[in-house]
Amino acid sequence: MKDIIAGLNKEFDNRVRLGIMSILMVNEWVDFNTVKTLLNLTDGNLASHISALEKTGYIEVKKEFVGKKPRTTYNATPEGKKAFRHHLDALEKLLKGNS
Amino acid sequence: MNQSALVMEEKSNEHYLDDLKEIRSMMEKSSRFISLSGLSGISAGIIALVGAFIASWYIKTHIENPSYTLQTVVMVRMEDVLFLLLDAAIVLFLALTSATYFAVRKARMQNLPVWSKAGELTLINLLIPLATGAIFCLILYTYNIFILIAPATLLFYGLALLNASKYTLAEVRYLGICEIVLGLAGMLIPGYSIILWAVGFGLLHIIYGAVMYYRYER
């Protein structure tokens, strides 16, 4: 039992981070407001989770200007995608094992 | 894998099940165009109803013997056909403009970019069957088969919606299926073109728009 649980990644133990990674698994370079709207979050809440994921190297950040407006977009890194898939496998195994 | 990043405490099955649900829902939602507004549907529907009303008024007052069998309809004067086509074209233009306006407004309110990858996919997948239908109707027109034009527009519009529904709100699919059924039924009982259009482009849009507005935007 412990081995299966050990497959879960603590970085994804949070719903917000789980949501961010889910979005970035199926989309490339998503902007801040899109993520915010999809997850129904406040700026501050999202920003703190984004920077946590950035620190672990699971997502990369790109800052650019569209006209005069700054635009920040996010993308999952290959390591991030790998870690997330691993986490998903662990979740599935766990649920299969327990039922 | 980093040992400190592992979760050692056990949580309930339900918690993990909810995690999976959240992942699935986010993957789904984020790859779709979600700025389509219910108000887009309602406004387009009202415009279509006005257009249908004008068309039926014109037919009543300008066409002496409005019978719609395949044989007699060919004898309708060219200017009548042109008036009805112009009416349809204006309805289409105004409906698209208003639908776009409300979609842009919703995107602004959600603070989302108006133009997204999902929006692009929605539009392309809508336009391919729609353009096919338009060409098909032009061909019917050149062969003087006016009787099938109205149901054919509904049919292709339905197919376009069905196709685009993979990239936008899932409910669009049901609107598409209704349009297809209506289009096919219209081909079997010709002669009700104006009513078909009023129901397909007017009533169905208003119902769909009202449901969507009630569900997501209130």
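User: Leaving aside neighbours within four places in sequence, which residues is B:Tyr208 in contact with?

Analyst: In this predicted model, B:Tyr208 is in contact with B:Gly41 and B:Leu175 once those neighbours are set aside. A contact requires C-beta atoms within 7 Å, and B:Gly41 and B:Leu175 are listed as contacts of B:Tyr208. The C-alpha atoms of B:Tyr208 and B:Leu175 are 6.9 Å apart, although 33 residues separate the two in sequence.

User: Why is B:Tyr208 called buried?

Analyst: The cut-off is 20 or more other C-beta atoms within 10 Å. B:Tyr208 has 23 of them, so it counts as buried. B:Tyr208 sits in helix H8 of chain B.

User: What makes up the secondary structure of chain B?

Analyst: Chain B has eight helices and zero strands. Read from the N terminus, its elements run α-α-α-α-α-α-α-α. Of its 218 residues, 38% are buried.

User: How many of the contacts in chain B between residues at least 6 apart join residues at least 24 apart?

Analyst: The share is 78%.

User: Which residues have the most contacts inside the largest nonpolar core?

Analyst: They are B:Ala48, B:Ala160, B:Leu161 and B:Trp197, in a core of 49 residues. At least two residues of this core come from each of H2, H4, H5, H6, H7 and H8 of chain B. H6(B) contributes the most, with 11 residues. As for B:Ala160, it touches B:Leu126, B:Pro129 and B:Leu130, leaving out residues up to four places away in sequence. As a general point, nonpolar side chains in soluble globular proteins tend to be buried together.

User: Why are E2(A) and E3(A) said to pair?

Analyst: Pairing requires at least two bridges between the strands. Eight bridges join E2(A), residues 59-66, to E3(A), and the two run antiparallel. One of the bridges links A:Val66 with A:Lys69. E2(A) and E3(A) form a hairpin with two residues between them, and A:Gly67 in the turn has a positive phi of about 65°.

User: What makes E1(A) and E3(A) a pair as well?

Analyst: E1(A), residues 30-31, and E3(A), residues 69-76, share two bridges in the antiparallel sense. The threshold is at least two, so this pair meets it. A:Asp31 has A:Thr73 as its bridge partner in E3(A).

User: Which residues of H3(A) are buried?

Analyst: In H3(A), residues 32-39, the buried residues are A:Thr34, A:Val35, A:Leu38 and A:Leu39. They are placed on the same side of H3(A) because they cover an arc of only 115° around the axis.

User: What do the buried residues of H3(A) pack against?

Analyst: They pack against H2, E1, H4 and E3 of chain A, together with helix H1 (13-30) of chain B. A:Asn40 follows H3(A), with a positive phi near 60°.

User: How many residues does each chain bring to the contact between chain A and chain B?

Analyst: Chain B brings 21 residues and chain A brings 25. On the side of chain B that touches chain A, 12 residues are nonpolar, five polar and four charged.

Methods
Residues numbered from 1 in each chain as written. Chains lettered and ligands numbered in written order. Predicted model: local features only at pLDDT ≥ 70, side-chain atom pairs only at ≥ 80, totals over all residues. Helix = DSSP H or I, 4+ residues; strand = E, 2+ residues; numbered from the N terminus. Buried ≥ 20, exposed ≤ 12 C-beta atoms within 10 Å, placed from the backbone. Arc of directions from axis to C-beta. Contact = placed C-beta atoms within 7 Å. Nonpolar A, V, L, I, M, F, W, Y, C, P; charged D, E, K, R; others polar. Core = buried A, V, L, I, M, F, W, Y, C linked by C-beta atoms within 7 Å.
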